[in-house]
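Open the structure in your viewer and keep the selection tool at hand. This tour tells you what to pick next and what you will find there.

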Amino acid sequence: MANIAIQRIKREFKEVIKSDEAQKCAINVELVGDDYRELRGEIAGPPDTPYEGATFHLEIKVPETYPFNPPKVKFVTKIWHPNISSVTGAICLDILKDQWAAAMTLRTVLLSLQALLAAAEPDDPQDAVVARQFKENHALFLQTAQYWSHVHAGVPKGNSEFSNKVRCLMDMGVGEHQALVALSSCNWDMDRAIEQLFS
Amino acid sequence: MMECGETDSMTIISRQEGYDYEFVPPLDSKYECAICLLGLRSPVQTTCGHRFCKECIFNSISESSNRCPIDNTPLTETDLFPDSCAEREILQLRVKCPNHTLGCTRIIDLMYIEHHTQACSFQPVMCPNECSATVLQKELEQHLMSECVLRVKMCDLCNEPFTFNQEQLHLLTCRHVVVACEMCGTMVERGDVATHMTETCQKVVVTCPFAEHGCHQKMTRADLDQHMAQETQFHLFLLSSAYKKINTFVSELSRTVGVIQSPFGNFSRQPSLRSQLSATSPIPENHVSPSHPERTLEKSLSASGAIGGSEKSSLFSSAHPGDRGADSGIEVNKLHLHMNHMTINEGAKATSKSSMSVLTQQDIILRDLCEKSVDLSQSMVEETIKLSNLAKRIEEIDAYVEAHLAELNGKFCNGEYVWRIRNFSQFCAELQNKPGRVCHSPPFYTSQFGYKFCLRTNITSKFDEHFLALFIHTMQGDNDDFLDWPFSGRITISVLDCGTALPKKHITETMMSKPDRQAFMRPEVSRNPKGFGYTDFVPLKKLIDDKNGSYIKNNMLCIRAVICPGTPSIKQIECT
């Protein structure tokens, strides 16, 4: 990796660790391996959102040409969000694509992602199913997103109705996550979910 | 490393990011490069008001995008200007010495930090002995004196140098270390062990000194004296039988010497040698000269007093009346007969002396002859070389004269030049065999102080037919400086009819120069690579089947170019 890329990442790493946000446990980074090519990021779900109390893990890959090209970031923790793929974790965010600028750092990227969780852009979606739910049945979207945070991202408060429906499908021999995805994308309609799973 | 304060980017060899130091107080973000996140080095400012290290922003523009890394404003290299004010301020900021973690407490202006680190006593340095240790500058001396495992030590015993970590190894080989003899246990220096074993060690088993005469007993050196005392009788017996053997051998030897002597006589019977001898005695009266073999022999014989007077007189009376060179060989033969006789009577010493002196004389004559013949062949070779050098020189002069004649012809032809291509059939064959091959005429001038041109020809094929291509090329001439460019004027190229029939059927094309063509620009190399003319001037068939005219006469083709500088007329002919 080019000298400048390593130098930069090392400094950015320190910047994140020392930042006020890290002190408040809002963001964090850890090394994966010893060459600064890959990092693991962590962001806390912002307050007053269905993600409040959740911790999301991110995979950050630093390209050779960093900082002249953006880092490759995706969610490792499953999340229900219009701009993040519920399947792959891929993120649709302009600063990770054409709006990247060399002056941006790990800290600003993590904070931008946190902001994205607070303010979704359903008109520029990554996951069309989630985006439709967001726009057409916002209350159900909030519940679903909250339930995903409970299942995958460590939020204590659950939803007994959703849990029952998932367990019901699991009893039919469906995997837990598969059941969750099917129910979430069918607006928690059991019949449609079953139809989607078994036809 | 770049000197602080220097802004000339030309001196930068490796990639230089910002200043990676710990600033005191911490670096204000306005002096931080947003690309490398370090203190701005040679800062430049963008038209959108952001500062970056010069290297960083140039790399950003070339490797990433033409936009400002901070606000994505479109940006090119022309939108950047050096920010000398910021640079001055940055260089005055104070920084901790990079060795502060190693104990250096200095905090100095950034301007002087690189100078300081070079001399900083806390600067880690590699051991110059390459022991792979890294030590602080101030501890280097001590390290080299007493710690480095590769420091050179002198052996106290043998005064030879060795590296410290090799001390044990050296002690195992040092010649002056005292070791115990493995036979007798005596303490001796390692270097002397071998001598000790062969000369003094009492426990070493030795053979009796009379072993070569037949006493094969072996005993320790301590017992040797006793053996010698006890076996004196036996040893004496061995000695006496050895003495007998030697006696027999000596008498056999003297008989053998006699046999060996006789072949020396045969040597002078060689016919070639005899004729050489006679040839080198041009004056018969000087036959017995001081250098003559017989005379020398006479001297040596009388000096040794080896033979009686009668023998001596008969020997030389037969030598003198000969008086002719041709006889001398025979005389030599006789001499040797006498000599053989003498060998038997008088012993080997005197005989070999005298025969050797005869041989030496013959040797000298032979050597003289050889030298002469070598001298002669040497001078012949020299003459041959001189001759071939002269011939070469004449060829050079010929070529020079020919070239200059051609040049003069070209210079004073007043724009009308005839190119005679001799040996045309071979010329065609060559051009046809090698596609892309072209041939240029000697240069010529349009007038004495006019433009310089040459003709170019090659063979092209079109619709399975071969054509002779003809072009003119401008060339760099002596007058180009004061001539008008591009060249303009009329060019007429003809393949000439050299037959007897009248009227002449020359094949002629006239073309006018075109000012926009590169072919008429002032040439930048000795010959303009672009020419002007026809790729299909005339079909080769037409030249060879001369029904229309006699173009090839005596296997020679004549091409005429007439070039008249002047304003182009209306009639213009399009050509390549």
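**Stop 1: a listed active site**

Select A:Cys92. An unreviewed UniProt entry lists this residue under "active site". Keep in mind that you are looking at a predicted model. Now find its place in the chain. A:Cys92 sits in a loop of chain A, between strand 4 (72-75) and helix 3 (106-118).

Is A:Cys92 buried or partly exposed? Count the C-beta atoms around it. There are 18 others within 10 Å, so A:Cys92 is partly exposed. A residue needs 20 or more to count as buried.

Next, show its contacts. Skip the neighbours within four places in sequence. What remains is A:Asn83, A:Asp124, A:Pro125 and A:Gln126.

**Stop 2: the sheet of chain A**

Now color chain A by secondary structure. It has eight helices and four strands. Walk along the sequence and the pattern reads α-α-β-β-β-β-α-α-α-α-α-α.

Select the strands. Four of them make an open sheet in chain A, in the order 1-2-3-4, with antiparallel pairing. Which strands stand at the edges? They are strand 1 (27-32) and strand 4 of chain A. Each has a single partner strand, so one side of each is left without a neighbour in the sheet. Ignoring direction, neighbouring strands in this sheet are turned by 25 degrees against each other on average.

Zoom in on strand 2 (residues 38-44) and strand 3 (residues 55-61) of chain A. Seven bridges join this antiparallel pair. Pick A:Arg40 and look across to strand 3 of chain A: its bridge partner there is A:Glu59.

Step back to the whole chain. Of the 199 residues of chain A, 37% count as buried. Take the contacts in chain A between residues at least 6 apart in sequence: 51% of them join residues at least 24 apart.

**Stop 3: where the chains touch**

Show both chains. On one side of the interface, 12 residues of chain B are in contact with 14 residues of chain A. The chain B side divides into six nonpolar, three polar and three charged residues. For the complex, the predictor gives an ipTM of 0.74 and a pTM of 0.47.

**Stop 4: a sheet in chain B**

Chain B holds 15 helices and 23 strands. Of its 576 residues, 19% count as buried.

Follow strand 1 of chain B into strand 2 of chain B. The two form a hairpin with four residues between them. Click B:Gly49 in the turn: its phi is positive, about 90 degrees. Look for B:Gln45, which stands opposite B:Arg51 in strand 2 of chain B.

Now turn to strand 3 of chain B. Strand 1 of chain B pairs with strand 3 of chain B over three bridges, again in the antiparallel sense. Here B:Thr46 stands opposite B:Leu80.

**Stop 5: confidence in chain B**

Color chain B by pLDDT. The average is 78, and 78% of the residues score at least 70. Which element of chain B has the highest mean pLDDT? Strand 1 (residues 43-46) of chain B does, at 93, while helix 11 (residues 309-319) of chain B has the lowest, at 42.

Finish at the two ends. Over residues 1-13 of chain B, pLDDT stays under 50. Over residues 568-576 of chain B, pLDDT is also below 50.

Key:
Residues numbered from 1 in each chain as written. Chains lettered and ligands numbered in written order. Predicted model: local features only at pLDDT ≥ 70, side-chain atom pairs only at ≥ 80, totals over all residues. pLDDT = per-residue confidence, 0-100. Contact = placed C-beta atoms within 7 Å. UniProt positions renumbered as here; feature names shortened; annotations may be inferred. Buried ≥ 20, exposed ≤ 12 C-beta atoms within 10 Å, placed from the backbone. Pairing = 2+ DSSP bridges. Nonpolar A, V, L, I, M, F, W, Y, C, P; charged D, E, K, R; others polar. Axes fitted to C-alpha atoms, helices over the stretch in contact; angles between N-to-C directions.
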